[in-house]
Amino acid sequence: METAIFIVCAAIVLAGALGVVLVRNPVHAALSLVGTLFGMAVLFLNLEAHFLAAVQIIVYAGAIVVLFLFVIMLLGVDRLEDLSVEPIAGQRVLAAVVGLGTFGLAAAVLATSDIGLPTQPALTGPITDQYSNLRQIADVLFTDYVYAFEATAALLTISVVGAVVMSRRMARDDQARQSAQDD
Amino acid sequence: MTAVLGPSVFGLDPLYIGGVGLAEVLVTLLKVGVAFAFLLVAVMLMIWFERKLISDMQNRIGPSLAGPFGIFQTLADGIKLFFKEDLIPERSDRLVFKLAPYLSLVPAFLVFAVVPIGGDFNGGDGRVSLFGHETFLQVSDPPVGILLVLALSSVAVYGVMLAGWSSGSKYPLLASVRASAQMVSYEAALGLSLAAVLLKSGSLSTNQIVSEQAVWNWNLWVTWVVPMVVFLIAVTAELNRPPFDLVEAEQELVGGFHTEYSSIRFALFFLAEFMNTITMSAIIVTLFLGGPNGPDFTTVGWLSGLLWFFAKLVLFLFTFVWLRATLPRFRYDQLMDLGWKLLIPLSLGWLLVLASYDIAGDRGWNRAAAVIVMLAVMAALAALLGLALRAARHRRELDPQGGFA
């Protein structure tokens, strides 16, 4: 059963990932990304990581891709773009090198580790109690990694404040620009 | 729960203890079928109920010709919509245009799967016996239960957003950006007021949340009323119902994001909207009013739960219609002000107050003192926030050119 679910979801994830890269319309590409994220969520469920699966949908599919779509729609980049021109020279070669390198690393890890092909439900150890999924995460997050957690929270707050400040256009700047144009 | 559970992808229903055979599959299919049929019939009755009630409140008769009291009016409208011409705009993105109504409809159906509609919680854990199989009266009880509701309501944004974009017209696009901004904004308040319930229940499973509230221990007073008020307001905005219906605002915007939709595809959006009203009312009942909980007044064990659940459900459906008949529509800036500057800080502060009450209990401190100190801190923070808002407004008035571009 688990293997069957894995095969179906892996196919969905791969199809979505290929869609993101190959589809020409940016909105369709974003939708393929949603397909990939849903496939990943079911894979998490298959590993009994229910909370991760829910968060995957709420945060990635529900917030981040929605943000992508907002940007695509508001900036009007949803017209078909000419893909034959590379915006950054050598981009494709570099992308191929990085992609193959990552794949090689993952393959090397799988080949050399003594775990072999996944036979355990999860590498961090099985979850003993159904309800404790969330509790286990909370325990670790608020004890062992509490400083990292707080630092991440501070970082996010700082970036939000930064974004607000940068998107503010000060009246003085406007006047300066206006007088520069007048001169 | 120490029993060996089946593959946990299926959730915690006792039905799956000891493996899944043909009988378990059939019982599950029956539950899915009943939930599906119930929702469709309930939408039909809800539309009739709303039209009838609102015409009573406005001193007119309302639908009266089709069937007794006009009860078949919705059926007639539905059949008419089926046979109308299906228009697809020339400049639309055909694939996404066809996909969008289903992205609205499917989440509306799925949310209902986690709602326990009945069962005996007076001493039991809500199990009933269906054809000799012990099970919960809900389609599924996943361990992340209530998070599924949040996940699906965030997926529902796609339906609105893509419908507007794929129409290939400026006005639906603008309307859909507005609508999705509204839905995304109120999701935060929704999640934060939900957190108050989770803090008290200590579980995400809807069955557990309802069990914790037996018989009179309803979250409405366990969380001291405020989270439910915030949740109700946020849900109304999330559902795009009046007074937050500026998403479609018939009198001003034609139809908002679904302007270009006609025939059966429009009917699907309409269906999704009313189905969401019913499922979200059911979610409020589950979270705050104890779901099927209530003193058993029948001799049949399972009947009283069902009756209590439906009585509470109708109460909320009535409330939504009542709001529509009573309140004028919000302006867009008022909507955003209410969501971001009032509901989110209020629900976050309330969560902290509840947490301080719990911690004071754990540490053996004086609970009342802890709550009073916490409330004072929150009041000080609220005053600071109010001062900041006032200063910002003052500066905007002095210098209308400054601030945000």
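How many residues of domain 1 of chain B are in contact with domain 2 of chain B? In this predicted model, 20 residues of domain 1 of chain B are in contact with 15 residues of domain 2 of chain B; two residues are in contact if their C-beta atoms, placed from the backbone, lie within 7 Å. Residues are numbered from 1 along each chain as its sequence is written, and chains are lettered from A and ligands numbered from 1 in the order in which they are written. Because the model is predicted, local features need pLDDT of at least 70 and side-chain atom pairs count only at pLDDT 80 or more, while totals for chains, interfaces and linings use all residues.

**Domains**
- Chain B is divided into domain 1 (9–328) and domain 2 (331–392), with bounds from an automatic or database domain assignment.
- Taken over C-alpha atoms, the centres of the two domains of chain B are 29 Å apart.

**The side of domain 1 that touches domain 2**
- Helix 5 (170–201) and helix 8 (226–238) of chain B each supply at least two residues of this side; helices are DSSP runs (H or I, at least four residues), numbered from the N terminus.
- Helix 5 of chain B gives the largest share, 11 residues.

**Helix 8 and helix 12**
- Helix 8 and helix 12 (residues 332–363) of chain B pack at about 145 degrees, with axes 10 Å apart; axes are lines fitted to C-alpha atoms over the stretch in contact, and angles run from 0 to 180 degrees between N-to-C directions.
- Residues of helix 8 of chain B, including V226(B) and I233(B), meet residues of helix 12 of chain B, among them L343(B) and W350(B).
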